[in-house]
Amino acid sequence: MKTKYLKIGAIAIVIAFLATGTYLFAGESYDEKIEKTGTVLEDGAISGLVVPAYTAESLNVTSISDLNGHASEFDNEIIGIDPGAGITELTKKVVDEYGLSLSFVTSSEAAMLAALDTAYRSEDHIVVTLWDPHWVTGVYDLVYLDDPKLVYGEAESIESWARPGLIAEDPTLAKIMEQYSFEIDEFSGLLAYIESNKDGMSVGEAARNWIDENPDAKERWLDGVEYQGGRGNIEIGLVSWACAIGSSNVLKILLENVGYSVTLTTIDAGVMYAGLAYGNIDLITTAWVPLTHAQYMEKYA
Ligand code: PBE
C-alpha cells in the first residue's frame, strides 16, 4: 500500500517538475516585449458612443448621461463590436461609470454597421460604439455623445508594433515601418476608397489602386529602400476592423514591392497581441494607444 502511494507521489513530483519546466519555458518567450515600429496615425484616432444626428436632435440626446432618459427608444441596447476590441472594454467602463440602464451588446464591426444602416434608413434611434478614422462617419450624419468623464480618453495614435527581435533582425523593415505614417486625410481617404469600391474589387485590388493614385505617399514610405529579392516572409496580423484592413493591405503591397512575401492573418484582438508576443505574428498596424489597447500593452509591451 505504502509503496503504491510513494510511487504515485514520485510520479506526481515528476509531472509537476515537467509542468513547471514547460511553464518556465513558455514564460521565457513571453517575457520578451513586443516592440513599437512606427506611428501609423498620430493623434487622429477617437472613439465613443455615437447616435445618428436625427436622434441627437429629436431626442435631445447629446451626452452619454442623456441615454438613461431614453432607454426604451434605443430598445434598451447599446450595440457594440467584438468582445476583444478595446472600445468594448472602455464601453463596459462607460456603462459602469455613467450608471447606464441600457444593456451593452457585443457583436462585430460588420454586425454593428448593419444595425446602424438598418436603423438609419428608417430613422430609428440607435446608439453604437464607433470610432474615427472610419468610412462610415463620412457616409452618415452621426454625432459622438459627450463624454465629460473622458472614459474614452482624448485623441489617440495608431501605431505599428513588431514581435520581439524583428527590428534588430531586419533594419530595412524597421526603416519602412518608421516611414509608414499617414496624414489623417490620407487615411480617411484610403478607407473611403476601399469601401466605395467594395462591390467592384477586392480589398487588395483597391489598396493597390489607391497606392497607384497616391505615388507621393508610396515614395515617402519606401524612401531609400530598393527592391531586393527574397527578403523573406512577413506575417501581418489584423482584426476585421476597417482601419486595420486598410493599413494592413497597403503595407502588404509596399513590402511586396521591395521583395518581401506577405501574409495577412485576420484574428481576434487578443489572439493578435498574443501571437505577436509569442512570435507567431511579425507585425501589426492597428495598435490604438495609449488608452484603447492599454489592456494589451500592459500585458505585452
Ligand atoms: N477600434 C478600431 C479598435 C481599434 C481599431 C476602435 C474598434 C478597438 O476598439 O480595439
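**Ligand site in the predicted model**

An oxygen atom of the ligand lies 2.7 Å from a polar backbone atom of Gly86, a polar contact being a pair of N or O atoms within 3.5 Å. Another such pair involves a backbone N or O atom of Ile87, at 2.8 Å from a ligand oxygen. From the side chains, a polar atom of His293 comes to 2.6 Å of a ligand oxygen. On its own the ligand has 280 Å² of accessible area (Shrake-Rupley, 1.4 Å probe), and the protein covers 100% of that.

This is a predicted model, with local features needing pLDDT of at least 70 and side-chain atom pairs counting only at pLDDT 80 or more, while totals for chains, interfaces and linings use all residues. Residues are numbered from 1 along each chain, and side-chain values use heavy atoms, with hydrogens and water left out.

Around the ligand sit Ile81, Ala85, Gly86, Ile87, Trp131, Trp241, Cys243, Trp288, Thr292 and His293, each with a heavy atom within 4 Å of it. This shell splits into seven nonpolar, three polar and no charged residues, with Gly counted as polar and Trp and Cys as nonpolar.

As for confidence (pLDDT, from 0 to 100), the chain mean is 92, and 90% of residues reach 70 or more.

Technical notes:
A polar contact is a pair of N or O atoms within 3.5 Å; within protein, one must be able to donate a hydrogen and the other to accept it, and residues adjacent in sequence count only if both atoms are side-chain atoms. pLDDT is the predictor's confidence in each residue, from 0 to 100.
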